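Please report on the local and overall features of this model.

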Amino acid sequence: MTIDERKKLILESIIKDYVETAEPVGSRAVVRRHSLNISAATVRNEMADLEEMGYLEQPHTSAGRIPSQQGFRYFVDCMMEKENLTEEEATFLHQLLGERVEEWSTVVEGVSHFLSQITNYASFIIVPSVKVSQFRYLQIVPLREGQALVLLVTDMGLIMHRKIDIPPSIKSEDLQIIADLFNRIFQGRRLNELKRSDLQNLRDELRQRRSVIDSALDAIDGLLDNAAEDKVVISGALNILKEPEFKDLDKLKRILMLLDTEGQLRDIVPDEVSEEVNIRIGRENELEDIQEMSVVVAGYKAAGAMGKIGLIGPVRMEYGKAAGTVESVRSIIEEILRETFYK
């Protein structure tokens with residue numbers, strides 16, 4: 001039995017109503033809400049066929065139908081239209097990030113928060129590690145009296161920032177001398193090979209600037225720690241509380257624990273991603289505790305590696321909006337990385 005155009009229209013109508021109401025949908029409601037030019041009896045017959053084909057389910061004998069996971073999969077593959085960010089939403093995100101960008105972690109947190117707010121699902125961003133990058137050069141830029149910014153640039157164009165405190169007596173010329181010495185020692189070295197012992201001779205050579213060297217070293221240590229493994233940012237996990245499917249407290253606790261643990265979130269997200277949006281619905285997810293939820297994920301290019309951005313929500317997800325939003329935000333992330341960090 002094939003899905004003809006009338007069955008497609010009825011399936012799409014039921015999916016839209018179920019996503020909106022979280023309640024089984026009856027034949028009369030389909031006719032009334034979607035102004036179909038067919039009788040309720042005809043809709044009932046088509047719904048029975050769709051149930052037999054596995055695209056609908058009837059939770060109770062007297063109830064209407066709900067889409068099955070197979071039904072949602074057919075919708076995503078064959079009928080879904082992506083709803084990208086509106087021009088106003090995209091402009092707002094650009095302005096938000098333009099005001100807040102000081103370092104990459106700020107960008108990540110801002111984007112993740114925006115994504116969860118605009119979709120009402122849990123969002124995540126995974127920043128790829130840069131431990132294989134090579135040191136290209138370092139700059140120490142004075143910001144204000146008593147403070148400077150250490151910028152570490154890798155061969156892949158990645159810029160990592162860290163603010164440090166400096167003595168008021170240190171001048172811009174001193175900072176440039178220190179940066180030149182760092183560059184002379186470290187240029188071409190892999191980040192995960194850098195050792196503090198490499199700078200012992202600099203400590204002896206520049207004792208009067210030692211406090212700045214120590215601060216710069218501490219900054220680099222911190223940047224290397226951050227670069228050694230993927231960074232995971234999760235926002236909006238409590239949006240799960242709004243979904244009627246998760247009123248069971250035990251089920252809710254398990255899901256919130258998954259979303260609160262970086263290692264387990266990595267288990268939820270596919271290892272291999274591309275820039276194309278990938279949607280895993282319910283039982284398509286390998287982890288048992290997430291098989292009543294769906295994952296929408298796309299990859300973004302960062303420093304020669306592939307980061308990940310996505311949403312986690314109920315199977316009763318508004319897939320067109322979720323997929324379109326992830327696609328739009330992924331594109332904006334890459335744009336920000338190109339224009340702000342990888343110059």
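Glu286 sits in the loop between strand 8 (278-281) and strand 9 (293-302). Helices (H or I, at least four residues) and strands (E, at least two) are DSSP runs, numbered from the N terminus. Glu286 is exposed, with a relative accessible area of 72%. Here buried means under 20% relative accessible area, exposed over 50%, and partly exposed in between (1.4 Å probe, protein chains only).

## Basis of the model

This is a predicted model: local features need pLDDT of at least 70, side-chain atom pairs count only at pLDDT 80 or more, and totals for chains, interfaces and linings use all residues. Residues are numbered from 1 along each chain as its sequence is written, and side-chain values use heavy atoms, with hydrogens and water left out.

Ala22 has a phi near 60°, a positive value in a residue other than glycine. Ala22 lies in the loop between helix 1 (5-21) and helix 2 (27-34). At 21% relative accessibility, Ala22 is partly exposed.

Asn120 is not a glycine either, yet its phi is positive, at about 65°. The loop between helix 6 (104-119) and strand 3 (122-127) holds Asn120. Its relative accessible area is 39%, so Asn120 is partly exposed.

## Ser235

Where is Ser235 placed? Ser235 belongs to strand 7 (residues 231-235). Ser235 is buried, with a relative accessible area of 11%. Beyond its neighbours within four places in sequence, Ser235 is in contact (heavy atoms within 4.5 Å) with Ser112, His113, Ser116, Tyr121, Ala122 and Ser123.

## The whole chain

The protein chain has twelve helices and ten strands. Of its 343 residues, 51% are buried. Among contacts between residues at least 6 apart in sequence, 61% join residues at least 24 apart.

The accessible surface comes to about 17,100 Å², and 44% of that belongs to carbon and sulfur atoms. Accessible areas come from the Shrake-Rupley method with a 1.4 Å probe; for residues, only the protein chains shown count as cover.
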